Structure formats: C-alpha cells, structure tokens
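Some terms used for a structure rest on cut-offs.

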Amino acid sequence: VEEKNHSEVISKVLYPNDSFEIGRELRLKQEYFFVACSIHDIVWRYKKGHADFSVFSDKVAIQLNDTHPAVAIAELMRVLVDENGLEWDEAWRHTVAAFGYTNHTLLPEALERWPLGLFQRLLPRHFEIISEINRRFLREVMSVFPHSPQHLARMSIISDGHDKEVRMAHLAVVGSHSVNGVAKLHTDLIKSQLLKDFFELFPERFNNKTNGVTPRRWLLECNPGLATLINERIGHGWETNLDRLIELEPHADDPEFRTRLTTIKMENKLTLARLVHDLVKIRIDPQSLFDVQIKRLHEYKRQHLAALHAVTLYIRAKRGEEVQPRTLIFGAKAAPGYRRAKLIIKLIHAIADTVNSDRRQSAVRVVFLPNYRVSLAERIIPAANLSEQISTAGMEASGTGNMKLSMNGALTIGTLDGANIEIREAVGEENFF
C-alpha cells in the first residue's frame, strides 16, 4: 500500500507546495516523470517509422513551456546517447535543433533552480550529462568572452558559491535553437536584462511570439449574443481572422447596433449576477459597473491595490459622496506555499464582508468567486465592463485575460506592461486607461 501511495502521489497533485524539502523533491520527481514519459513517447513514435536518427530533429519539435520541463534536454541526451548509442556531438546537434524554449516570466525567483545535492541524489545520470553540457558550453563562453571570469560565473548552468544550484533557465537556453518571450516588451527585457549575456552569445536564437487566445472559445463560444451580432454585421470568418473586427467600425455610431450591444451586455450581467448569488449568496446590482480582476494571485499582479481601491470607494460612499455604483469581482488562485498571496485573498474576503453588510451604502459591492477556472471565466468575461490589468510595471510578461476581456467589450485599466501595450496600439490610446 505504501509503495502504491508513493507512486500515485507523483501524478496526483500538480504543483505541490515546494516551501519544504519534501515538496521540492516531489516537484522534481513530478517534472522528471512527465518529461520522461513524453520523451519516451516521442522517440518510440519516431523509431516506428525510421531506421536511424539522421532526420530526428527534422521530424520532431519540442517546446519547453517555461523552465519546468527543461530537464527534458538532459533526458533526450540520455536516451539518444545511453539507450540508442549516438555519439555525443550528433545527439547534441539533434537536441538543440529539436528544442525551443518559451520564457514566461521576468521574475528571477520564478526561474527554476535546483539544489545540487537534491538533483544529484534524484537524477545522478542527468546531473552527469548536464555537467558535461556545461563543461563544453563554458569552453564556448571562454572563446567568445576571453579573460572574463564574470561571464563564466553568470552564464554557467551550475552556479558557483556556497549553495550550488542547477539553473534550469540556462540549460533551456543552451539546449534550444529558439528562445522566445511572450510579448514585445517582455522579449526586449529578456534580451537587455534577464538573459543579456546569452543574447550577446546567441543573438540569432532570440525572438518574440506575443501570446494569443482563441476567439473561438473566448468570444464565439462564451458570448453567443455578441458573436451573433458580429456575424449579422460583418459575416463569418472573423473567428479565425480577428483583424476582420475592424469592419465593425462603420457600425459604431448606428443607434440600433449600440442598443443591441447594451442589451447583450446586460443579459450577460444578469446571468453572472444569478451565478454570483448561487455561489456566494451575495446580491449584486446588474446596473452597476462590473469591475473585474481575474488571474493568478501574485503580489506583482496588484490584487492588493484593487482591494484598497474597493476600500477607498466604500469610504467615499459611506460619507455620502457620489460614487458610480460598482461591483468589484475578483477571481484567483494562489500557489500552495505562497502565504502572502493567501493573506491577500483573506483580506479581500474581509473587505467584502464589511462592505456588503453595511446598510449605510449600496454603491459598492465586493465579491471573490471561489475556484477560479476556465468555465467560470467564460461566465465572468462576457459580463465585464472594466478589465483590471494593473501590474508592477516590467514584471507582467504578457497576460491573456486582458485579451479575452478586451474582445468582449470591457474597457482596460492597465499598466503599460506586457501585452497591454499591444492591446493599446490595437484599440487606440483613447480607449485605454
């Protein structure tokens, strides 16, 4: 029974609490488990149709979605060299040509680093392979930046000093032919700050791929009223080519079109108001502005700031000042070990309890919807009037909720950060706050 539990726990809880040694170990086991299964499957499929590995990287593309699966680089090298007898140089050529790395964050603490002792104990062969990758890579660094021990220290995959670590972001860059950021500003900051040394060494590897969302789910599917109105005015085809929405501009001053838009938004707000009552037993006014902040809860995403704004509006309303009726809607999940994020959720609930129960004012309501997820977002987004996209500027890599809310007709209140900048270019400065 104990063995069964040990094996099942590896795939039972995604992102275990890694504040403790046992959680960190489980997380590394988990990452290796998923990576090993994937690489095994990829190689098995390839070998079904090919006698040797000469065209492996022509047929296989593996995208590292952030640093969490970066151990895949060492795993593919192990499989090619140890299990299939390839020479190191040929295996490495195929590995680099097959892998691409998407960086999702500028926060240094979010770039995975594993303590040397833990990594060596859990994955001894992979550690040997990473050490050899690093040895060869540092020779290359020395030839490009001679007489610069600073470059060697900064760029090494294995950090120096007292607490040695394996830097997974460095492994991902060294072992990939393409490194991309997820918004124009983010990619520029990767090149100029986060991975500056690597950009100087491999400028051809770095490129931008601004994140995107599918209009099929985030407009056509979740907002059928608005999708029908768009179809009536410009026909089909916008679902796979969103640039076509520009064709709606001539209809912007049409009174009938505007009335229909207002009606659709109100129907969506009534639907959400009923759902809010079912979930948290709070009655909200569909005539009020629905001010929405839905995303992972993190200090740099500034939910705390929006909560303080709710307090400000509440105090003004309680003093008898004129306040535009507003319902602040929060939805978020916090990482298991992220204590301050949990406290911010607790704070928002406490503010909601105070604000919603005070009969001296009815202008401000605060709701925190539990278990934020895609199916809940599909109900919130079509009903939103205001989209809160505030961040600590320079820290929000991209953001995609901002896109979903914008395409459903919510006005963006945002920091000039991440994809907000590109949204502002698309909707016009006069429509971004």
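Questions and answers on the model follow.

Q: How do you know which residues and atoms the values refer to?
A: This is a predicted model, in which local features need pLDDT of at least 70 and side-chain atom pairs count only at pLDDT 80 or more, while totals for chains, interfaces and linings use all residues. Residues are numbered from 1 along each chain as its sequence is written, and side-chain values use heavy atoms, with hydrogens and water left out.

Q: Why is Arg424 called partly exposed?
A: Buried means under 20% relative accessible area, exposed over 50%, and partly exposed in between (1.4 Å probe, protein chains only). Arg424 has a relative accessible area of 26%, so it is partly exposed. In the protein, buried residues make up 49% of the 433 residues.

Q: What makes the space of about 1700 Å³ a pocket?
A: On a 1 Å grid over the protein atoms alone, a pocket is an open set of points where a 1.4 Å probe fits, with protein on both sides within 12 Å along at least five of seven lines. Grid points are joined across faces, edges and corners, and the volume is the space filled by probe spheres set on the points. The second largest pocket holds about 1700 Å³.

Q: Which residues line the second largest pocket closest to its centre?
A: Lining residues have an atom within 4 Å of a point. There are 40 of them, and Leu245, Ser406, Met407, Gly409 and Val427 are the closest to the centre. Helix H14 gives the largest share of the lining, seven residues.

Q: What makes Ile39, Phe119, Ile133 and Phe137 stand out in the largest nonpolar core?
A: A nonpolar core is a set of buried Ala, Val, Leu, Ile, Met, Phe, Trp, Tyr and Cys residues joined through side-chain atoms within 4.5 Å. Of the 62 residues in the largest one, Ile39, Phe119, Ile133 and Phe137 touch the most other members. Apart from this core lies another, of 38 residues, including Leu219 and Ile423.

Notes:
Helices (H or I, at least four residues) and strands (E, at least two) are DSSP runs, numbered from the N terminus.
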